[in-house]
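Open the structure in a viewer and keep the selection tool at hand. The stops below go from the core to a sheet and a loop.

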Amino acid sequence: RPEGVETIDDRAMPLETATSSLDRPSVADWYRRNRARSRAIFDLIDPSADYSRPIALRNPIVFYEGHLPAFSVIALLRRGLGRPAVDERLEKLFERGIDPDSAEAAVPRSGASTAWPERAEVLDFASRADEAMLDALTTADLAVDRPAMQGAQGLYTALEHEAMHQETLLYMWHRLPWDQKRKPEGLQYETNAVTRTGGAVAIPAGRATLGAPRDTTPFGWDNEFDAHDVQVPAFDIDQHSVTNADFLEFVDAGGYRDERLWTPDDWAWLRSEQVAHPAFWIRRDGQWFWRGMFEPIALPGSWPVYVSQAEASAFARWKGRHLPTEPEFHRAAYGTPDAVERAFPWGDAPPDPSKGNFDFASWEPVPAGARPAGASAWGVHDLVGNGWEWTSTVFEPFGGFEPMASYPEYSADFFDGQHYVMKGGSPATSAELLRRSFRNWFRPNYPYVYAKFRTAGHP
């Protein structure tokens with residue numbers, strides 16, 4: 001992990017979020033930790049990469065170093081507290097990222113008004129933004145009567161947003177050439193296979209609670225509300241994530257060449273991008289390697305395979321099964337035989353490193369099943385951690401959806417039928433985002449995120 005980056009053993013868990021009970025020094029420390037972690041992540045790469053686009057579907061790296069402080073200023077200082085801009089021009093430039101459906105749509109910005117500034121200018125802006133943020137966190141009246149500050153929403157929007165983007169940065173860094181990154185000394189990987197017993201686990205019909213209750217939840221993003229119950233028919237689900245070894249069978253069987261396994265849109269993407277294997281795999285001299293953060297690693301068969309939703313769906317069809325729905329994931333992860341739902345798969349205790357590979361604990365995955373203390377009540381492993389879990393559920397609002405005042409575009413712009421829900425968390429998912437109601441989402445042909453999957457079936 002980057003030097004100076006804390007994991008959950010190093011810090012307190014999330015704070016109470018009622019504005020009147022905020023621990024101001026702790027909130028300020030949380031902000032400082034976020035900023036220190038982001039700086040450590042940016043310092044991990046050579047400055048020559050600053051204006052490159054390691055993923056063509058995303059902005060250049062320089063954008064993100066400006067986006068993080070700009071977003072915090074917009075969410076808390078401007079929308080939340082009604083304060084003036086720190087730098088109106090740069091805040092506008094760095095306000096929003098992109099989510100194009102193709103590399104061609106992700107055209108570089110051009111023209112004097114949107115030219116990317118020198119890094120020194122970006123760092124100066126970040127320094128001024130940090131000063132203004134810390135002044136507000138330590139001295140401002142946070143109980144102002146403004147919609148974006150109800151329940152300190154603007155504050156927690158800023159804090160959690162930065163943690164989300166730290167994961168984005170790391171999977172972008174995975175695409176950079178290795179000579180543009182500094183490999184930590186003594187880096188080791190967990191690659192030994194874990195003894196796995198059983199295939200699919202039967203989950204009886206029962207209730208799953210999706211979403212969070214608005215009146216008792218300290219903070220949640222707008223797509224997490226409102227809580228509602230769903231009756232889930234009986235199904236079975238893989239006890240373990242699909243591994244590289246499992247997926248290699250699909251590749252060797254010609255899965256990428258069998259049009260019957262793909263939807264028309266997914267098949268068109270496959271052909272146009274000439275996709276023939278997972279984006280995290282590399283073929284060299286007839287041997288498969290994992291595209292590691294710092295070096296190629298002989299393909300660890302025991303690690304979960306990271307793929308797009310399109311590839312995961314094709315594998316599931318090949319097996320005569322399907323990707324779990326969001327309710328099925330919830331039932332497998334948080335349900336119990338006694339009908340009492342848990343906060344986490346392992347129970348109600350806060351996350352700790354024994355329960356899963358999350359919270360910046362590792363640069364890479366660990367073997368499927370390597371954290372058995374994190375298994376659900378049904379004995380299903382790694383539902384939280386080691387990689388987000390693709391579902392077959394299209395990202396849509398829950399009943400009672402209301403755009404959040406501190407970031408009204410957050411979810412609403414993506415209710416377009418072109419994004420799929422992911423659940424759980426990855427090695428680079430902050431502990432604060434591991435809550436049961438949290439939802440992630442991506443396009444089905446986006447192969448770069450730390451996302452794994454498992455299959456489900458009906459009896």
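A nonpolar core is a set of buried Ala, Val, Leu, Ile, Met, Phe, Trp, Tyr and Cys residues joined through side-chain atoms within 4.5 Å; buried means under 20% relative accessible area, with a 1.4 Å probe and protein chains only. The model is predicted, local features need pLDDT of at least 70, side-chain atom pairs count only at pLDDT 80 or more, and totals for chains, interfaces and linings use all residues. Residues are numbered from 1 along each chain as its sequence is written, and side-chain values use heavy atoms, leaving out hydrogens and water.

Select Trp173, Phe247 and Phe453: these have the most contacts inside the largest nonpolar core, which has 101 residues. Helix α2 (residues 61-80) gives the most to this core, eleven residues; helices (H or I, at least four residues) and strands (E, at least two) are DSSP runs, numbered from the N terminus. Another core, of 22 residues, lies apart from it and includes Val201 and Phe358.

Next, select helix α5 (residues 153-173). 21 of its 21 residues are buried, so α5 is largely enclosed by the rest of the structure.

Now show the open sheet of four strands, in the order β10-β9-β8-β11 with mixed pairing; strands pair if DSSP finds at least two bridges between them. β10 and β11 (451-452) are the edge strands, each pairing on one side only. β9 and β10 pair in the antiparallel sense over three bridges, and Tyr420 stands opposite Phe442 in β10.

Finally, select Glu432, in the loop between β9 (420-423) and β10 (440-442). Glu432 counts as buried, at 8% relative accessibility.

Technical notes. Buried means under 20% relative accessible area, exposed over 50%, partly exposed in between (1.4 Å probe, protein chains only).
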